[in-house]
Amino acid sequence: MNIRPGWVGGYLEARRIHNLCRAHGIATWCGGMLETGLGRAANVALAALPGFTLPGDTSGSRRCFATDVTAPFALDGGHLAVPTGPGLGVEPLTDVLEKR
């Protein structure tokens with residue numbers, strides 16, 4: 001099952017679907033929709049839940065954006081690190097936001 005937070009009503013609903021699929025042994029993967037670093041951080045955290053057993057389509061920031069609104073996400077051995085800071089785990093770059 002492909003769980004795309006933007007298609008299912010957000011991250012709380014995505015988590016509910018994840019839990020339902022996990023309870024019934026349904027393999028899942030997290031799909032993205034060209035999110036900025038803020039949405040990408042949330043998708044990576046979602047994809048790190050134990051029920052997501054298939055590779056998702058999260059990728060490094062530079063694949064979509066020359067300059068992102070957060071520090072870029074970069075693949076390391078084909079994986080993205082799950083942010084560990086408070087909230088979404090990443091901070092927006094205020095200078096980039098001000099320009100946009």
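**Inside and around helix H3**

In H3, the buried residues are Gly 37, Gly 39, Arg 40, Ala 41, Ala 42, Asn 43, Val 44 and Leu 46, where buried means under 20% relative accessible area, exposed over 50%, and partly exposed anything in between (1.4 Å probe, protein chains only). That makes H3 a mostly covered helix, with 8 of its 11 residues buried. The cover over these residues includes helix H1 (5–8), H2 and E2. All of this comes from a predicted model, in which local features need pLDDT of at least 70 and side-chain atom pairs count only at pLDDT 80 or more, while totals for chains, interfaces and linings use all residues. Residues are numbered from 1 along each chain as its sequence is written, and side-chain values use heavy atoms, with hydrogens and water left out.

Stepping back to the whole chain, the protein has 4 helices and 2 strands, and along the sequence they run β-α-α-β-α-α. Its radius of gyration is 14 Å, close to the 13 Å that the globule rule gives for 100 residues, so the protein is as compact as a globular protein of that length. Here the radius is taken over C-alpha atoms, and the rule is 2.2 Å times the number of residues to the power 0.38. Helices (H or I, at least four residues) and strands (E, at least two) are DSSP runs, numbered from the N terminus. Along its principal axes, the C-alpha trace spans about 45 × 30 × 25 Å. Of the 100 residues, 35% count as buried. Among contacts with a separation of 6 or more, 65% join residues 24 or more positions apart, a contact being heavy atoms within 4.5 Å.

Asn 43 counts as buried because its relative accessibility is 1%. Leaving aside neighbours within four places in sequence, Asn 43 is in contact with Pro 5, Tyr 11, Cys 30, Gly 31, Gly 32, Glu 35 and Thr 58.

The largest nonpolar core has 8 residues, namely Ile 3, Ala 14, Ile 17, Cys 21, Cys 30, Leu 46, Leu 49 and Phe 52. Such a core is a set of buried Ala, Val, Leu, Ile, Met, Phe, Trp, Tyr and Cys residues joined through side-chain atoms within 4.5 Å. Helix H2 (residues 11–23) gives this core its largest share, 3 residues. One core member, Leu 49, is in contact with Arg 15 and His 18, apart from its neighbours within four places in sequence. Arg 22 also sits in H2 and touches Pro 50 and Gly 51, not counting residues up to four places away in sequence.

The loops bring in two exposed residues. Leu 34 lies between strand E2 (29–30) and H3, and it is exposed because its relative accessible area is 63%. Its phi is near 60°, a positive value in a residue other than glycine. Most residues other than glycine have a negative phi. Ala 81, in the loop between H3 and helix H4 (94–99), counts as exposed at 60% relative accessibility. Even so, Ala 81 touches Val 44 and Phe 73, not counting residues up to four places away in sequence.
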